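Have the structure open beside you.

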Amino acid sequence: MTTAEQLALLGGAPAITRPLPHEVWPPPADATELSELAEQRNTDISIKGNSGPIGRLEADFLAFLNDGARFAVTFNSGTSALLAAYFALGVREGVDVVGPALTYHAALSPVFALRGDVVLADIDPDTRGLDPKALQAALTEHTKVITVVHQWGHPCDMDAILRIAERHGLRVLEDCSHAHGSRYKGKHVGTFGDAAVFSLQANKAIYAGEGGILVTSDPQVHDRATLLGHYRDRSRDTVLDEDLRAHWVTGFGLKLRMSPFNAIVARHALAAFPARKEARHRCLRYFSERLGDVTYLEPVHIADHVDMGAWYGYKPLYRPEALDGVPRSVLIEALRAEGMEVGAPSGPRLSTLPLYARSENPLFPGTPKKGIAPETGSHAEYVEQHALSLPTFTNWPEDRSLIDQYAEAFRKVGRHRKALVRYATDPSR
């Protein structure tokens with residue numbers, strides 16, 4: 001056997017020759033963006049109300065959603081925007097929020113800052129978001145809000161979820177932090193619920209460095225969310241309810257607004273998004289085609305009625321039985337030796353984290369909460385234990401040769417299944 005044909009893990013030559021990293025994100029700023037940042041530095045490093053780049057970003061974002069929402073409010077992070085959304089939707093002590101068992105913790109953790117409680121429901125193995133049947137079973141007499149996370153960019157089953165919400169009189173919050181540009185039956189995610197939040201953190205397809213944006217068509221949600229994070233000019237000028245506007249000097253005591261510099265970065269990312277989205281889709285469609293004969297991978301599912309928008313990583317599932325039971329950790333080790341940028345998704349099931357699992361709210365010592373024990377045998381557990389996280393290739397056609405090398409690395413490992421099994425079971429390893 002030639003050195004090139006041996007697994008790199010066992011001394012062979014790697015299948016992938018391009019040096020790491022393979023996903024460089026966010027892309028470098030162009031001269032226009034840098035010039036605008038410099039100009040803003042000498043114009044105003046603060047923002048009064050929602051003037052300047054803040055107001056322009058909010059208007060641009062509503063246009064991006066095809067005016068499917070009436071209001072947009074920027075915040076200094078997606079987590080802050082989620083806190084404002086939960087507050088505006090009425091989360092407080094004695095209120096339960098039902099959300100998915102497997103997602104990034106910040107989708108639900110702001111609930112605890114409002115003394116609310118979280119109930120976790122299993123996910124749909126195809127969409128990776130809330131399973132409507134599990135959602136129905138998880139409702140309690142205290143449930144007021146359903147949190148929908150369009151996990152890794154795939155929209156949830158919004159028809160079924162909205163029917164449940166309507167039947168029980170519940171509010172719906174969409175977390176679209178992975179799903180910029182995703183559509184469900186032709187309609188943008190973020191325009192279905194009572195409110196939606198898009199993170200603009202640096203890893204997102206539309207990025208500000210740090211930032212978040214809340215969108216809604218409900219004036220009361222807009223007013224309450226604005227007052228939670230903004231005071232003075234912004235609240236005076238945009239809050240519609242006269243009684244709520246009386247708080248304009250102080251807001252509700254917090255300052256969670258976005259910097260103008262972040263807004264400028266976000267506007268440029270938003271303008272570049274359509275072309276980047278198209279290139280990303282071409283890369284990942286090609287990647288899926290090239291992985292079609294890798295039997296130990298379960299392809300990424302994309303329903304016919306959805307558009308994946310930005311994607312958020314490429315995350316197939318590993319089928320260990322097709323590699324004679326080799327642990328995922330050993331597979332990742334072998335793939336990394338071949339030069340691949342690969343790992344397990346970073347977010348564990350929320351029930352394994354102390355903030356969710358323990359029966360006392362750490363923000364308010366002595367305040368009990370339900371506490372959630374990890375559920376075994378769930379779809380959330382299966383995805384957590386079997387998913388692989390690969391780069392979200394964006395550069396087409398430049399990344400085509402790299403994608404070919406990734407596909408060859410996967411096939412190479414499959415061809416040498418027996419050698420990998422021996423390595424995995426070697427007690428001296």
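A cavity here is a set of points, on a 1 Å grid over the protein atoms alone, where a 1.4 Å probe fits but cannot get out, while a pocket is an open set with protein on both sides within 12 Å along at least five of seven lines; lining residues have an atom within 4 Å of a point. Grid points are joined across faces, edges and corners, and a volume is the space filled by probe spheres set on the points.

This is a predicted model, in which local features need pLDDT of at least 70 and side-chain atom pairs count only at pLDDT 80 or more, while totals for chains, interfaces and linings use all residues. Residues are numbered from 1 along each chain as its sequence is written, and side-chain values use heavy atoms, with hydrogens and water left out.

**Overall build**

Of the 429 residues, 55% count as buried, meaning under 20% relative accessible area with a 1.4 Å probe, protein chains only.

**Enclosed space**

Four cavities of 30 Å³ or more are found in the structure. The largest cavity has a volume of about 80 Å³. Among the residues that line the largest cavity are D126, R128, W152, H154, H301 and K315. By class, this lining holds four nonpolar, four polar and three charged residues. Ala, Val, Leu, Ile, Met, Phe, Trp, Tyr, Cys and Pro count as nonpolar, Asp, Glu, Lys and Arg as charged, and the others, Gly among them, as polar.

**Open pockets**

| Pocket | Volume | Lining residues | Nearest the centre |
|---|---|---|---|
| Largest | about 850 Å³ | 39 residues | H178, N203, K204, Y312 and S346 |

The lining of the largest pocket divides into 16 nonpolar, 16 polar and seven charged residues. Helix α3 (residues 78-88) gives the most to that lining, with three residues; helices are DSSP runs (H or I, at least four residues), numbered from the N terminus. In the second largest pocket, the lining has seven nonpolar, four polar and four charged residues.

Conventions
Buried < 20%, exposed > 50% of the residue type's maximum accessible area, 1.4 Å probe, protein only. Helix = DSSP H or I, 4+ residues; strand = E, 2+ residues; numbered from the N terminus.
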